[in-house]
Amino acid sequence: MLIDALKEIVGPKGWISNPDLLEPYLSERRGRIKGHTLIMVSPASTDEVAAVVSECSAAGVGVVPQGGNTGLCGGAIPDDKGDEVLLSLTRMNRIRALDADDYSMIAEAGCVLSDVQQAAEKAGRFFPLSLSAEGSCQIGGNLSTNAGGINVIRYGTARQQVLGLEVVLADGTVWDGLRTVRKDTAGYDLKQLFIGSEGTLGIITAAALRLWPRPGNSATLLAALDTPEAAVDLLGRLHDAVGDSVQAFELMSDRCIRYAQRHVPDVTMPIAGQHKWYVLTEVVVGANPAVLEEAAMTALGEKVVEDAVVAKNQAESDRLWRMRHSISDAQKPEGASLKHDISVPTGRIGEFIRKGNRLVSDLLPGARLVIFGHVGDGNLHYNVSQPAGADAEEFLADGQRATEAIYDLAIELGGSFSAEHGVGIFKKSYLEQYRGGAELRVMRALKSALDPENTLNPGKVI
Ligand SMILES: Cc1cc2nc3c(=O)[nH]c(=O)nc-3n(C[C@H](O)[C@H](O)[C@H](O)COP(=O)(O)OP(=O)(O)OC[C@H]3O[C@@H](n4cnc5c(N)ncnc54)[C@H](O)[C@@H]3O)c2cc1C
């Protein structure tokens, strides 16, 4: 019997079937869906993952991989029928190797992202992937969603941090592609298929990660601005001043700050007065710490920014970043919200926000826009909170039309309806809508070639 075979493979510490203990692994963090499962297994090695997948494949049972369960598209939750196996990577949490001279590390999929960052730091190197969920998301989940975060502007997305992968395929075969070389033109670059495929093509069990030199001395600037266009102008000026040393460049609307101050302890805004927009940027200044302040003063003099402060020390910088990282949590107490993780070419951010705001006020009168994001990459979290006191269910049902209009707008401006969170279950219909034709046909051909029995994360993405 399958369940007995799975228990045997992972041993007594490697499975849970008690519904109370399973609860946190079966709900998506916004409570939008709840799943059921036959059993959750937590293999401790690649061989155990391979044996679990092989048994499930032979029994015709689907396997849903799960990392830190911080994903925002429902991709890590089994369906509600209860006949899938949930496979948690949490016990595969070893750093297998770190070679500082090679600027590379081999980490198992279940390593928490902040642990990967710290291991690099300890060896005098830098791992740049960074996001608000870094204390609980796992590197396997990050690669499976091709996560973005705050440092993409300088270092690229999760995809750009990968040198090689170890993957368990749908029939239980292990593909060992844990090479760390930068140059390798031997055939197709298979690792790219698995990155961003949200567990539908293979289960990532370990990754060879690229490390970077430590960036050195950096400075943090908070600027107040009147328009998103001014933010794009400021970014250009910073690039002119420091080249590619702009490490992060985040836009936040005034409402984000108000909600963060209202709902999250110890959030303080050092800039006085009313401003519509804020930019928080981290710039590597090296031996010239004044460069950021000088660029800010010039922008102030030319009225590109309305006010600005540079953090005087690490504690001030941490406080500013805390404000940025608290926005997601601060939005929750304001009721139901529609979340749109979109991207457009950076120069069209202002146009997107203007046109999007008009759509929202026409379709959802009284709704409150909570707009923030990684504007240096053209990626906005264009979120819409329900009107104060409105009925949450009604708002979400009415919101469908607004969501479609917002996605249509992003596409019309040359962007994407899914910038960094993935597709999972929530955005599956939009993949069909916006990536139909040849693109979707190729995706389906890849899925049926690699997973003909539809064992891996069935029903997700495509
Ligand atoms: C407060 C907050 C802030 C966030 N900020 C950002 C941000 O700035 N940028 C960003 O990109 N995302 C962000 N996210 C979303 C989320 O953190 C990322 O998508 C993250 O990469 C998911 O990692 P995880 O380990 O939690 O994966 P999970 O949620 O467990 O899984 C995500 C998907 O990957 C699959 N999967 C997980 N592990 C594996 C594996 N080893 N092999 C194959 N498939 C696997 C799952 O089946 C699922 O489809 C944020 C989330 C929160 C809650």
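**Figure 1. Division of the predicted model into domains.** The chain of this predicted model is divided into domain 1 (2–88), domain 2 (95–213), domain 3 (218–329) and domain 4 (335–421). Taken over C-alpha atoms, the centres of domain 1 and domain 3 are separated by 42 Å.

**Figure 2. Helix α11 and its two faces.** Helix α11 (residues 314–325) has 12 residues, which at 1.5 Å a residue should span 16 Å, and this agrees with the 16 Å between its end C-alpha atoms. Leu320, Trp321, Met323 and Arg324 are buried in α11; seen down the helix axis, the buried residues fall within an arc of 150 degrees, so they line one face of α11. In general, an α-helix has 3.6 residues a turn, so residues three or four places apart point the same way. The elements that cover the buried residues of α11 include β12 (218–225), β13 (246–253), α9 (254–263), β14 (277–284) and α12 (327–331). On the face of α11 turned away from the buried side are the exposed residues Gln314, Ala315 and Asp318.

**Figure 3. Helix α16 and the segment after it.** Helix α16 (residues 438–450) consists of 13 residues and reaches 18 Å from its first C-alpha to its last, close to the 18 Å expected at 1.5 Å a residue. This helix is hardly covered, since the count of buried residues among the 13 residues of α16 is zero. In the segment after α16 lies Asn454, which has a positive phi of about 55 degrees although it is not a glycine. Asn454 is partly exposed, because 15 other C-beta atoms lie within 10 Å.

Figure 4. Glu198 is placed in the loop between α7 (191–194) and β10, and its phi is positive, at about 55 degrees, although Glu198 is not a glycine. Glu198 counts as buried because it has 24 C-beta neighbours inside 10 Å, where 20 or more are required.

**Figure 5. Arg214 and its contacts.** The loop between β11 (212–213) and β12 contains Arg214, which is exposed, with 12 other C-beta atoms within 10 Å. Not counting residues up to four places away in sequence, Arg214 touches Gly124, Arg125 and Phe126. Arg214 and Glu121 are 93 residues apart along the chain, whereas their C-alpha atoms are separated by 7.9 Å.

Figure 6. Ala390 is found in the loop between β19 (379–385) and α14 (392–412), and counts as partly exposed because it has 16 C-beta neighbours inside 10 Å. From C-alpha to C-alpha, Ala390 and Ala367 are 9.2 Å apart in space, although 23 residues apart in sequence.

Definitions and conventions: Residues are numbered from 1 along each chain as its sequence is written. This is a predicted model: local features need pLDDT of at least 70, side-chain atom pairs count only at pLDDT 80 or more; totals for chains, interfaces and linings use all residues. Domain bounds come from an automatic or database domain assignment. Helices (H or I, at least four residues) and strands (E, at least two) are DSSP runs, numbered from the N terminus. The expected span of a helix is 1.5 Å times one less than its number of residues. The arc is that of the directions from the helix axis to the C-beta atoms. Two residues are in contact if their C-beta atoms, placed from the backbone, lie within 7 Å.
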